[in-house]
Amino acid sequence: MSGAQEAILTLAKTLSGAGEDEEPLLEALCQAAEQWWKGRLLPGVTAEDCGEAYPCAAAFTAALYRAKSSAAN
């Protein structure tokens, strides 16, 4: 896991309040959110160009889907 992925996961844990038992799900959601946001970047723009906004956006997206998943159960 890269430093950026760890930052996204750590922030998503804080935002979502997910417990250790939910970490595998949250990690998968973070990876999916990161890929989704990468697909939204303009041509020639990298995640690094976005600074802290990129991991924040991915973490919020993952936390949102974790909340939706919990609400559905």
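1. Leaving aside neighbours within four places in sequence, Ala63 is in contact with Ala12, Leu15 and Ser16. Ala63 sits in helix α3, and with a relative accessibility of 10% it counts as buried. Ala63 and Ala18 are 45 residues apart in sequence, yet their C-alpha atoms lie 8.6 Å apart in space. Please keep in mind throughout that this is a predicted model.

2. The view from the other side of that contact is worth a look too. With residues up to four places away in sequence not counted, Ala12 touches Ala63, and it also touches Leu26, Cys30, Ala59 and Ala62. Ala12 is itself listed in the largest nonpolar core, which brings me to the next point.

3. Which residues make up the largest nonpolar core? There are 11 in all: Ile8, Leu9, Ala12, Ala18, Leu26, Leu29, Cys30, Ala33, Ala58, Ala59 and Ala62. Helices α1, α2 and α3 each supply at least two residues of this core. The greatest contribution to the core comes from α2, which gives four residues. I would colour these residues by helix when you open the model.

4. Next, the charged pairs. In general terms, side chains of opposite charge can pair when their charged atoms come close. How many salt bridges does the structure hold? It holds two, and I take them one at a time below.

5. One of the salt bridges joins the side chains of Glu23 and Lys13, at 3.1 Å from N to O. Glu23 belongs to helix α2 and Lys13 to helix α1, so this pair ties together parts that are 10 residues apart in sequence. Are these two side chains' residues buried, partly exposed or exposed? Glu23 is partly exposed, at 26% relative accessibility, and Lys13 is also classed as partly exposed, with a relative accessible area of 31%.

6. In the other salt bridge, the side chains of Arg66 and Glu22 meet at 2.8 Å, N to O. Arg66 lies in helix α3 while Glu22 is in the loop between α1 and α2, so the pair ties together parts that are 44 residues apart in sequence. Arg66 counts as buried, because its relative accessible area is 13% and the limit for buried is under 20%.

7. With residues up to four places away in sequence set aside, Arg66 touches Ser16, Gly17, Ala18, Glu22, Leu26 and Leu29. Among these, Ala18, Leu26 and Leu29 are members of the largest nonpolar core, and Glu22 is the salt-bridge partner of Arg66.

8. Thr61 is another residue of helix α3. Is Thr61 buried or exposed? Thr61 counts as buried, at 15% relative accessibility. Apart from neighbours within four places in sequence, Thr61 is in contact with Ala33 and Trp37, and Ala33 is listed in the largest nonpolar core. Thr61 and Pro24 are 37 residues apart in sequence, with 16 Å between their C-alpha atoms.

9. Now for two exposed residues. Ala72 is found in helix α3 and is exposed, with a relative accessible area of 65%. From Ala72 to Gln35 the C-alpha distance is 24 Å, and the two are 37 residues apart in sequence. Gly44 lies in the loop between α2 and α3, and it is exposed as well, at a relative accessible area of 75%. Between Gly44 and Ala71 there are 38 Å, C-alpha to C-alpha, for a separation of 27 residues in sequence.

10. Finally, the empty space. Rolling a probe the size of a water molecule over the atoms shows where empty space is left. How much space lies in the largest pocket? About 160 Å³. Its lining consists of Ser2, Ala4, Ile8, Glu34, Lys38, Thr46, Ala47, Glu48, Gly51, Glu52, Tyr54 and Pro55. The elements giving two or more residues to this lining are α1 (3–16), α2 (23–40) and α3 (53–72). By class, the lining of the largest pocket has five nonpolar, three polar and four charged residues.

Notes:
Residues numbered from 1 in each chain as written. Predicted model: local features only at pLDDT ≥ 70, side-chain atom pairs only at ≥ 80, totals over all residues. Heavy atoms only, no water. 1 Å grid on protein atoms, 1.4 Å probe; cavity = no way out; pocket = protein on both sides within 12 Å on 5 of 7 lines; lining within 4 Å. Points joined across faces, edges and corners; volume = space filled by probe spheres on them. Nonpolar A, V, L, I, M, F, W, Y, C, P; charged D, E, K, R; others polar. Core = buried A, V, L, I, M, F, W, Y, C linked by side-chain atoms within 4.5 Å. Buried < 20%, exposed > 50% of the residue type's maximum accessible area, 1.4 Å probe, protein only. Contact = heavy atoms within 4.5 Å. Salt bridge = Lys/Arg side-chain N within 4 Å of Asp/Glu carboxyl O.
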